[in-house]
Amino acid sequence: MLALKEKNGLLWIRAGGRQGDEAYDRFVPQFEHIAEREAGTVPMVIELAPDFSGWNFGGLWRDLKFDIRHKDCFGRIAIIGDSEWEEWGTKLSSSLFRAEMKFFRPSQRSHAESWVQTGEDAA
């Protein structure tokens with residue numbers, strides 16, 4: 001499952017299960033439509049459901065190509081998840097993106113939204 005919506009000026013993505021080509025095929029036109037309409041970069045919050053298990057190989061390869069092609073479209077990216085491997089993956093991925101990325105736990109959902117919009121950490 002890969003759901004996309006706009007809320008409070010942000011792109012919210014919720015990912016669950018194992019992502020493959022079909023999720024990618026639905027996501028790309030929606031993202032490109034938003035990126036074309038918005039000036040500058042698109043800030044986003046990506047929520048990883050408890051059953052999220054990543055991409056299959058085909059989906060991962062297409063996702064990497066998408067990220068490179070659209071690297072100038074991304075604003076801050078907050079990743080919300082509850083596992084250590086998701087936090088580790090966010091730290092690893094952040095070195096590959098021009099955009100700032102930060103990992104948050106589900107209990108920090110409102111903090112993630114605030115950080116994406118302002119770039120400020122809550123006290």
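1. In this predicted model, E47 is buried, with a relative accessible area of 13%. E47 forms a salt bridge with R109, and their closest N and O atoms are 3.0 Å apart. Since R109 belongs to helix 4 and E47 to strand 4, the pair ties together parts that are 62 residues apart in sequence. R109 itself counts as partly exposed, at 29% relative accessibility.

2. The salt bridges number 2. Besides the pair already described, the side chains of E100 and R76 meet in a salt bridge, at 3.3 Å from N to O. E100 lies in the loop between helix 3 (84-94) and strand 7, and R76 in strand 6, so this pair ties together parts 24 residues apart in sequence. E100 is partly exposed, with a relative accessible area of 44%; R76 is also partly exposed, with 24%.

3. E113, placed in helix 4 (residues 109-118), is buried yet has no salt bridge. The nearest side chain of opposite charge is that of R109, 5.1 Å away, whereas a salt bridge requires a nitrogen and an oxygen within 4 Å. Leaving aside neighbours within four places in sequence, E113 is in contact with N8, L10, W12 and V45.

4. An open sheet of 5 strands runs in the order 1-2-4-6-7, with mixed pairing. Strand 1 (2-7) and strand 7 (101-104) stand at the edges with a single partner strand each, so one side of each has no neighbour in the sheet. The twist from one strand to the next averages 20°.

5. Strand 4 (residues 42-48) and strand 6 (residues 74-80) pair in the parallel sense over 5 bridges. Within strand 6, A78 stands opposite V45. Helix 4 packs on the sheet, touching strands 1, 2, 4, 6 and 7, and its direction makes about 170° with that of strand 6.

Technical notes. Residues are numbered from 1 along each chain as its sequence is written. This is a predicted model: local features need pLDDT of at least 70, side-chain atom pairs count only at pLDDT 80 or more; totals for chains, interfaces and linings use all residues. Side-chain values use heavy atoms; hydrogens and water are left out. Helices (H or I, at least four residues) and strands (E, at least two) are DSSP runs, numbered from the N terminus. Buried means under 20% relative accessible area, exposed over 50%, partly exposed in between (1.4 Å probe, protein chains only). Lys and Arg count as positive and Asp and Glu as negative; His and the chain ends are not counted. Contact means heavy atoms within 4.5 Å. Two strands pair if DSSP finds at least two bridges between them. Axes are lines fitted to C-alpha atoms, for helices over the stretch in contact, and angles run from 0 to 180 degrees between N-to-C directions.
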